[in-house]
Amino acid sequence: MAAPAFTPPSASHRTAARANFASSRLVRLLGAATDGGREPDTSRQDFAERLAQWLSAADTVRLHAALPAGPVAALPQALAPGAAALLLRAQAELDQVREALRKGVAAQATQALRDAPHELDAGHVPHRKRHLDQQAQMATKIAALRARLRLALSQASPRLRQLAALDAVLEHSLSGREQKWMAAVPLLFERRFEQLRQARPDDWHSAFVAEMQDMLLAELELRLQAPMGLMHALRGEIEKHTR
């Protein structure tokens, strides 16, 4: 049986997706750092239209193949006996990854303050390297976490197995664009580096390190949205069966 045509998200889901990204802490901080505190310009272009532009023909085929052959309502609603244990383990793993990455950001900020006397003539380069290093750690650890969460969903129920399959396709299809976006963040933040150095000659370095730490933590929370969405789906499915 042929896979059904991809149905774009509803208007309410598209609006929520745009608002969620536009109101994210990372976007607000970037807006303040690069545009003098002005509100970020949220795109008027439809979310589904953007998604269609981001997906190649091969991506679209993979997405269609991951969709169920019939309506989602027709999928078995059974829940695996060990689903509650899967949820506890998945939540523990998410908390562990988040805490490890937060500690890494804090440790790097402390090291940046220690290295300040040796980097006075290096400009923004050492800070950009630190930012990229943290981004690489986030990408690696969160990708592994997301894969483990998909495995947990696949073991919990047929419906969640379908969601895990869709998430795998979307991660594969959109990871390149996400990497491109995130790589631009430290370049954009270089403008803030120059602003602080001119506006606060006495404490610009410590102020910049603090702002960069805040930026990285905001970026971490944005990157964790997909794993947290999988967790929410798993928890919701379990609660639906235990009411």
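These are my notebook entries on a predicted model of one chain.

**Ground rules.** I worked from a predicted model, so I kept local features to pLDDT of at least 70 and side-chain atom pairs to pLDDT 80 or more, while totals for chains, interfaces and linings use all residues. Residues are numbered from 1 along each chain as its sequence is written, and side-chain values use heavy atoms, with hydrogens and water left out.

**Confidence.** I looked up pLDDT, the predictor's confidence in each residue, from 0 to 100. The chain averages 81, and 72% of the residues score at least 70. Residues 1-23 stay under 50, and the model has 30 contacts for them beyond four places in sequence; I take contact to mean heavy atoms within 4.5 Å. Residues 36-45 are also below 50, with 12 contacts beyond near neighbours in sequence.

**Fold.** I found nine helices and zero strands. Here helices (H or I, at least four residues) and strands (E, at least two) are DSSP runs, numbered from the N terminus. Of the contacts between residues at least 6 apart in sequence, 85% join residues at least 24 apart.

**Surface.** I noted an accessible surface of about 13700 Å², with 58% of it belonging to carbon and sulfur atoms. The areas come from the Shrake-Rupley method with a 1.4 Å probe; for residues, only the protein chains shown count as cover. Of the 243 residues, 37% are buried, that is, under 20% relative accessible area (1.4 Å probe, protein chains only).

**Cavity.** How many cavities of 30 Å³ or more are there? I got one. A cavity is a set of points on a 1 Å grid over the protein atoms alone where a 1.4 Å probe fits but cannot get out, and lining residues have an atom within 4 Å of a point. Grid points are joined across faces, edges and corners, and the volume is the space filled by probe spheres set on the points. The largest cavity holds about 60 Å³. Its lining draws two or more residues from each of helix H5 (83-115), helix H6 (125-156) and helix H8 (204-223). Among the lining residues I listed Val 105, His 127, Arg 130 and Met 212. By class I have six nonpolar, three polar and one charged, taking Ala, Val, Leu, Ile, Met, Phe, Trp, Tyr, Cys and Pro as nonpolar, Asp, Glu, Lys and Arg as charged, and the others, Gly among them, as polar.

**Gln 135.** Leaving out residues up to four places away in sequence, Gln 135 touches Met 182, Ala 183, Val 185, Pro 186, Glu 219 and Arg 223.

Definitions and conventions:
On a 1 Å grid over the protein atoms alone, a cavity is a set of points where a 1.4 Å probe fits but cannot get out, and a pocket is an open set with protein on both sides within 12 Å along at least five of seven lines; lining residues have an atom within 4 Å of a point. Buried means under 20% relative accessible area, exposed over 50%, partly exposed in between (1.4 Å probe, protein chains only).
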